[in-house]
Amino acid sequence: MSDIAKLYPVLARGCGEWTGHYTHLGPDGEFLDTHKVDTFSAFPTDGSADFSLRIVNTWEDGRTAEITMVADHRDDRLVWRDRVVGWMKEIDDRTVYLNFTYADDPSLRVCEMIQFSPDGQTRARTWHWFKNDILFKVTLTKEARIKA
């Protein structure tokens with residue numbers, strides 16, 4: 001385990017492979033979209049980053065989108081590089097909170113909470129999406145661990 005991983009015990013316990021579904025809802029609860037999501041996270045030990053995350057989204061029609069992000073430990077948080085501008089921080093022994101904007105569109109802001117089950121085999125994620133500080137979408141995610 002890396003020295004940085006020791007600073008983030010919840011995220012360290014959550015490293016590995018997860019699978020689940022994103023369900024996107026409008027601010028009044030109307031259904032917008034759903035798709036499968038597979039995530040892979042790690043605390044690299046090769047010096048490339050302090051934390052890495054790869055997300056693969058797959059829709060029923062076969063479309064896919066893959067996102068890779070990395071973060072560095074600064075000011076008691078993991079601070080994202082490149083694609084998003086913001087941070088991630090553990091707030092208790094089962095919860096991680098993220099707050100970020102998109103580098104190519106800073107008018108978009110996302111607040112995400114990740115809640116890990118006590119046994120570490122499931123987690124729930126909730127995203128609140130804001131455009132110019134107005135809520136326009138909520139994403140609900142239920143995931144199961146595939147591999148630690």
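**Reading burial, charge pairs and strands**

Reader: Why does Arg63 count as partly exposed?

Author: Arg63 has 45% relative accessibility, so it counts as partly exposed. The cut-offs are these: buried is under 20% relative accessible area, exposed is over 50%, and partly exposed is in between, with a 1.4 Å probe and protein chains only. Bear in mind that this is a predicted model: local features need pLDDT of at least 70, side-chain atom pairs count only at pLDDT 80 or more, and totals for chains, interfaces and linings use all residues. Residues are numbered from 1 along each chain as its sequence is written, and side-chain values use heavy atoms, with hydrogens and water left out.

Reader: Okay, on to charges. Which residue meets Arg63 in a salt bridge?

Author: General idea first: side chains of opposite charge can pair when their charged atoms come close. The criterion is a side-chain nitrogen of Lys or Arg within 4 Å of a carboxyl oxygen of Asp or Glu. For Arg63 the partner is Asp61, at 2.9 Å from N to O. Asp61 counts as exposed because its relative accessibility is 56%.

Reader: How many salt bridges are there in the whole structure?

Author: The search turns up eleven. One of them sits in helix 1 (residues 3-7): the side chains of Lys6 and Asp3 meet at 3.7 Å, N to O. The two are three residues apart, about one turn of the helix, and both are exposed. Helices here are DSSP runs of H or I with at least four residues, strands are E runs of at least two, and numbering starts from the N terminus.

Reader: Which parts of the chain does the Arg109 and Asp133 pair link?

Author: Start with the pair itself, a salt bridge whose closest N and O atoms are 3.9 Å apart. It links distant parts of the chain: Arg109 is in strand 8, while Asp133 is in the loop between strand 9 (122-131) and strand 10 (134-147), 24 residues away. Arg109, at 25% relative accessibility, is partly exposed, whereas Asp133, at 60%, is exposed. Elsewhere, salt bridges with shared partners join Glu112, Arg123, Arg125 and Glu143 into one network.

Reader: Is Glu112 buried or exposed?

Author: Buried, because its relative accessibility is 2%. Glu112 lies in strand 8 (residues 105-116). Contact means heavy atoms within 4.5 Å; leaving aside neighbours within four places in sequence, Glu112 is in contact with Val96, Tyr97, Leu98, Phe100, Arg125, Thr126 and Trp127.

Reader: How do the strands around there go together? I'd like to know which way strand 7 and strand 8 run.

Author: Two strands pair if DSSP finds at least two bridges between them. Strand 7 and strand 8 run antiparallel, joined by eight bridges, and Tyr97 has Met113 in strand 8 as its bridge partner. A hairpin through two residues connects them. Strand 6 (residues 84-90) also runs antiparallel to strand 7, with seven bridges; there, Trp87 is partnered with Asn99. That hairpin has four residues between its strands. Strand 7 (residues 95-102) is mostly covered, with seven of its eight residues buried.

Reader: And which residues touch the most other members of the largest nonpolar core?

Author: In soluble globular proteins, nonpolar side chains tend to be buried together. A nonpolar core is a set of buried Ala, Val, Leu, Ile, Met, Phe, Trp, Tyr and Cys residues joined through side-chain atoms within 4.5 Å. Here the largest has 31 residues, and Phe43, Phe51, Leu78 and Trp80 touch the most other members. Beyond four places in sequence, the contacts of Leu78 include Ile4, Tyr8, Leu11, Phe43, Phe51 and Trp87.
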